[in-house]
Amino acid sequence: MKETVKYKLSKKEYMDIQTYYMVRNSNILKFCVALFVIGIVLLIAEMVSGNKIGGTWILVVFPIPYLAYVVFKIRNIAYTLYDNDIKEWEVTFDDDGVEAKAIKKNKKIKTVWEGIEKIWFNRNYIYIFLSKSVYICIPRNQIKNEEILNDNIKKHSIKNLF
């Protein structure tokens, strides 16, 4: 079976895709959660022991605006990259693999299923990694038959993260 998906990413979609990729692929979120948890643990220890630990509240408060700042910077970078990046794609899934064609750029990438590094699924998009850092992102609402993709993921034991 074969499925071809044609789509063009809007600026908002492009920014959402880049933000999700950069936040998920970095340790920033883990760092912020760790600081927050350490701060909460220290506040509880402070209340139980009665000893004052100075500056504990900073560990609880700091991660929230810091994470907001990082997401804002990522979105700002994605906003400026949008004009120079490929936005219009034609992606074909079949039993042989995935073929992605950049419309207007006349570039084509063909990868067999065994060559796919991993696949991420989120609510709105599917990220197909052709290598550790090269990926194609497809809006889920553009795919008519997601079963072709899911069957090949199972058949070829591709690492997928739903």
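What follows is a chat about a predicted model.

Reader: Let's start with the core. Which residues touch the most other members of the largest nonpolar core?

Author: That core has 31 residues, and the ones touching the most other members are Val91, Phe93, Ile119, Tyr127, Ile128, Ile138 and Leu149. The elements giving two or more residues to it are strand S1 (3-8), H1, strand S2 (88-93), strand S3 (97-102), strand S5 (118-121), strand S6 (125-129), S7 and helix H5 (147-155).

Reader: And which element gives the largest share?

Author: S6 does, with five residues. As background, nonpolar side chains in soluble globular proteins tend to be buried together.

Reader: Ok, S5 then. Which way do its side chains point?

Author: Lys118 and Trp120 point one way, while Ile119 and Phe121 point the other way. All four are buried, the lysine included.

Reader: How does S5 run against S6, and how many bridges join them?

Author: They're antiparallel, joined by four bridges. Ile119 has Ile128 in S6 as its bridge partner, and both of those residues are on the list of core members with the most contacts. The two strands make a hairpin with three residues between them.

Reader: What about Asn124, where does that sit?

Author: In the loop between S5 and S6.

Reader: Switching to S2 and S3. What joins them?

Author: A hairpin, through three residues. The strands run antiparallel with five bridges, and Val91 stands opposite Ala100 in S3.

Reader: How many bridges join S3 to S4?

Author: Six, and that pair runs antiparallel too. Lys101 stands opposite Lys108 in S4. S3 and S4 form a hairpin with four residues between them, and Lys104 in that turn has a positive phi of about 75 degrees.

Reader: Which other residue has a positive phi, after H5?

Author: Ser157, which follows H5 and has a phi near 50 degrees.

Reader: While we're there, which residues of H5 are buried?

Author: Ile148, Leu149, Asn150, Asn152 and Ile153. For the geometry, an α-helix has 3.6 residues a turn, so residues three or four places apart point the same way.

Reader: Are Cys32 and Cys137 buried or exposed?

Author: Cys32 is buried because its relative accessible area is 3%, under the 20% cut-off. Cys137 is at 8%, so it counts as buried as well.

Notes:
Residues are numbered from 1 along each chain as its sequence is written. This is a predicted model: local features need pLDDT of at least 70, side-chain atom pairs count only at pLDDT 80 or more; totals for chains, interfaces and linings use all residues. Side-chain values use heavy atoms; hydrogens and water are left out. Buried means under 20% relative accessible area, exposed over 50%, partly exposed in between (1.4 Å probe, protein chains only). A nonpolar core is a set of buried Ala, Val, Leu, Ile, Met, Phe, Trp, Tyr and Cys residues joined through side-chain atoms within 4.5 Å. Two strands pair if DSSP finds at least two bridges between them.
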